[in-house]
Structures are given as structure tokens and as C-alpha cells.
Amino acid sequence: MSSRGQPREDRATVPGTSIGDLDKDLVRALVSRLRSTRGPVFTKADDTDVLQLVGVLSSDTEPAVTLAGLLALGRYPQQHFPQLDVTFVAFPDPSGEPLPDCARFLDNQSIDGPIPSMVIAAMAALRRNMTRRGIISGAGRMDRWEYPEEVLREVVTNALMHRDYHPLARGSQVRVELYPDRVEVTNP
């Protein structure tokens, strides 16, 4: 039955939350951007109304933070949902099997925080473990990463934004796995 319509699990309120659970800087940046790019509805509304209009806060008499709002703008969403994070692993072998010296991975990191912070940290982990080439052109040098950063950022962002937020799927992390011959990004 739940597959028949547009999923709305991200609009569910998170019990026990309030606007105080949101990162003030992220909220300020979002509200400012909405006021400068949208119509008069946003310029005339106070901050709470703006957050309700875009689904960060519920429209209840005592507004609570929605799951989407907490993940996008929360100070620490994993306080309420510990598994809604990213696991990064860099494997030394294309099969993912340990090396003869029993080394299972080259880098392993659990990445948490709001989605913007997780994207930044996942990109840093990828850059830390990717190879890059220095291409000399005239008097200058240009670094070229093994995989285009713009593509990786988009893939990681999509994995976080479009994962399944149904309560039964909240026990699995987004996984970013770097192998010597490929990158795999998996989301529930």
C-alpha cells in the first residue's frame, strides 16, 4: 500500500524536537536564500513560517522538526537516528577481500551530521584516498582526480537525499566504497 503513492516519510515529525535542534547557521542560510530567490510569500514571512512553508517544521500549534528538516538542517540528526549516516571504506583490493598481510581496508570512516556536512566529509574522504595526476601545461599545473569531483558530489548527495526514509529502512547507512578500480555508492 505504501508504494502506491509518493512517499512522505520525510515529512513525519520527529518526536521531542523543536527549532532548537536545528543548526542556526544552516537555517539562516536557507531562509536568506529563500527570501532572495522566491516571491513575496517568503519575504513577508517570519523565520518559523518560512521553515513551515518548506517542510522543515510541522504546521502544528507546537511546531516540531520534520525528518527532512532534521537531516538537512539539524545540529546532530544522529542523536535521533543513529544509522542515518554515511560509512566510507577504501579497500586495497578490487574484490574487497583482505590482503595477504590481513589488511582489510586502507581507510574507514563513519560520517555523521546534517546532509550538507556528510557530503563535505564524504568528499574529503574520497579525495584523501583517490589518486590524482598533475598535468603540466605551460608554466602552470592542473590536478586531475581519478574521478571527477562534480560527479562524485552529485552521486553522494543523491544517495543521501533519495534514500528510503521509511521506518523499516532507517537501520542502514549510505555506503561509499572506494576500490582500486571503481567507486560504489549504495543507499537503502
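Predicted model: local features only at pLDDT ≥ 70, side-chain atom pairs only at ≥ 80, totals over all residues.
Figure 1. Helix 1 is built from 14 residues and reaches 20 Å from its first C-alpha to its last, close to the 20 Å expected at 1.5 Å a residue. At the start of this helix, a side-chain oxygen of Asp23 comes to within 2.9 Å of the backbone nitrogen of Asp25. Val27, Leu30, Val31 and Leu34 are the buried residues of helix 1. Viewed down the helix axis, these buried residues fall within an arc of 95 degrees, so they line one face of helix 1. An α-helix has 3.6 residues a turn, so residues three or four places apart point the same way. The exposed residues Asp25, Arg28, Arg33, Ser36 and Thr37 are on the other side of helix 1. The packing partners of the buried residues of helix 1 are helix 2 (40-44), helix 3 and helix 4 (67-73).

**Figure 2. The salt bridge between Asp47 and Arg35.** The closest N and O atoms of Asp47 and Arg35 are 2.9 Å apart. Asp47 belongs to helix 3 (residues 47-53) and Arg35 to helix 1 (residues 24-37), so the pair links distant parts of the chain, twelve residues apart. Asp47 is partly exposed, at a relative accessible area of 40%. Arg35 is also partly exposed, with a value of 26%. A search of the whole structure finds nine salt bridges, and the one between Asp47 and Arg35 is shown here.

**Figure 3. The salt bridge between Glu149 and Arg127.** In this pair, the closest N and O atoms of Glu149 and Arg127 are 2.7 Å apart. Arg127 has a relative accessibility of 28% and counts as partly exposed.

**Figure 4. Asp143, Arg132 and the salt-bridge network.** A salt bridge joins the side chains of Asp143 and Arg132, at 3.7 Å from N to O. The pair links distant parts of the chain, with Asp143 in strand 4 (residues 140-145) and Arg132 in strand 3 (residues 132-137), eleven residues apart. Asp143 is partly exposed at a relative accessible area of 34%, and Arg132 is partly exposed at 47%. Through salt bridges that share partners, Arg132, Arg141 and Asp143 are joined into one network.

**Figure 5. The largest nonpolar core and the surroundings of Leu22.** The largest nonpolar core contains 40 residues, and Leu22, Leu51, Phe88, Leu126 and Leu160 have the most contacts inside it. Two or more residues of this core come from each of helix 1, helix 3, helix 4, strand 1 (86-90), helix 5, helix 6 and strand 5 (174-179). Helix 5 gives the largest share of the core, seven residues. When neighbours within four places in sequence are left aside, Leu22 is in contact with Val27, Leu51, Val56, Leu57, Val65, Gly69, Leu70, Leu73, Gly74 and Arg75.

**Figure 6. The backbone at Cys102.** Cys102 lies in the loop between strand 1 and strand 2 (107-111). The phi angle of Cys102 is near 75 degrees, a positive value in a residue other than glycine. Cys102 is exposed, with a relative accessible area of 61%.

Note on methods: Residues numbered from 1 in each chain as written. Heavy atoms only, no water. Salt bridge = Lys/Arg side-chain N within 4 Å of Asp/Glu carboxyl O. Helix = DSSP H or I, 4+ residues; strand = E, 2+ residues; numbered from the N terminus. Buried < 20%, exposed > 50% of the residue type's maximum accessible area, 1.4 Å probe, protein only. Expected span 1.5 Å × (residues − 1). Arc of directions from axis to C-beta. Contact = heavy atoms within 4.5 Å. Polar contact = N/O pair within 3.5 Å; in protein donor to acceptor, adjacent residues only side chain to side chain. Core = buried A, V, L, I, M, F, W, Y, C linked by side-chain atoms within 4.5 Å.
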